[in-house]
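Biologist: I'm new to this one. Could you show it to me and let me ask how you know what you say about it?

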Amino acid sequence: MMKFEGVYTALVTPFRNGEVDYEALKKLVELQVAGRVSGIVPVGTTGESPTLSPQEHLKVIETVIETAAGRCQVIAGTGANSTEEAVFLTSEAKAVGADATLQVTPYYNKPTQEGLYRHFSTVADKVGLPVVLYNVPGRSGVPIAEATVARLAKNPVIMAVKEAAGSVDRVSAILDLCDITVLSGDDSLTLPMMSVGAKGIISVSSNLIPGEMSAMVRAALEGDFAKAYAYHRKYYPFFRDQFVETNPIPIKAAMAMAGLMEEEYRLPLCELSPEHREKLAATLKRCGILG
């Protein structure tokens, strides 16, 4: 049984002149390792997976695995709204050494709960790589019902669920039905979710502050919620304002401000608006992230 606990960074994909910047990507992985994160999640929502070619998708995953070199877990984002495609991507990620797969709820085609159960089960059974379910109805259009999570949790390969529906109550509801690891999918809800049983966070903020996020979650896991809350309170404005526009636009802008990468996106995503850029820059200074 693989253990999922701590901070997992939903890593951005850096671009330069329209291409994936693999050298910048390697530097970002080293930043995460230095920040003592439990793991890295390449090519998820924050990694702009919809605009990467299949070849780029797999090369990003392979580059992250090679650079991490076993120093932290790598949970590859290999979900799709086609079960066949999800199986293919997950098989390829397994072949290059991924520790687990993040499987998003199939988007746009809006499957039933039975369809969701068959989709996730097929990926788990055909590939055998540990699965982290990804519940994000705001993007996919369909939630994974608590009862469906419990049904899927009977499969020994399906070990965790990332909860990004904005509901702390769902953590309790899921844990009341089954014994599966729950990870927060919202930075601002990390501590509330951990207070009722979640074991960590798949984080956007840790792209920029991996050490601080790791310290916050570590304190919560050790039961020192006063210490954890001090981190939460300090960085809450950043947690909030990194969603002034669609993720990952603000976090990539913030990382560019910090000199970690070029601020570049692929359409249909585009640069941060001037008013939001000013707001984000002020928040980064307020939180002590930028001088």
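Predicted model: local features only at pLDDT ≥ 70, side-chain atom pairs only at ≥ 80, totals over all residues.

Biologist: How do you know that the span of helix α2 agrees with its 15 residues?
Modeller: Helices are DSSP runs of H or I with at least four residues, strands are runs of E with at least two, and both are numbered from the N terminus. The expected span is 1.5 Å times one less than the number of residues. For residues 54-68 that gives 21 Å, and the end C-alpha atoms are 21 Å apart, so the two agree.

Biologist: Which residues of α2 are buried, and what covers them?
Modeller: Among the buried ones are Glu 56, His 57, Leu 58 and Val 60. The cover includes α1 (22-34), β5 (73-77) and α3 (83-95), where contact means heavy atoms within 4.5 Å.

Biologist: Why is Gln 103 called buried?
Modeller: Buried means under 20% relative accessible area, with exposed over 50% and partly exposed in between, using a 1.4 Å probe and protein chains only. Gln 103 has 0%, so it counts as buried. Gln 103 lies in strand β6, and beyond its neighbours within four places in sequence its contacts include Thr 78, Ala 86, Phe 120 and Leu 133.

Biologist: What makes the link between the side chains of Gln 103 and Thr 101 a polar contact?
Modeller: The term needs a pair of N or O atoms within 3.5 Å; within protein, one must be able to donate a hydrogen and the other to accept it, and residues adjacent in sequence count only if both atoms are side-chain atoms. This pair is at 2.9 Å.

Biologist: What makes a space a pocket?
Modeller: On a 1 Å grid over the protein atoms alone, a pocket is an open set of points with protein on both sides within 12 Å along at least five of seven lines, and lining residues have an atom within 4 Å of a point. The largest pocket is lined by 29 residues, with Gly 44, Thr 45, Ser 49, Pro 50 and Tyr 107 nearest its centre. Elements giving two or more residues to that lining are α2, α3, β6 (100-104) and α5 (137-140).

Biologist: Which residues lie nearest the centre of the second largest pocket?
Modeller: Tyr 134, Val 136, Arg 139, Gly 185 and Asn 247, out of 21 lining residues. Here α5 and β10 (200-203) each give two or more.

Methods: Residues numbered from 1 in each chain as written. Heavy atoms only, no water. 1 Å grid on protein atoms, 1.4 Å probe; cavity = no way out; pocket = protein on both sides within 12 Å on 5 of 7 lines; lining within 4 Å.
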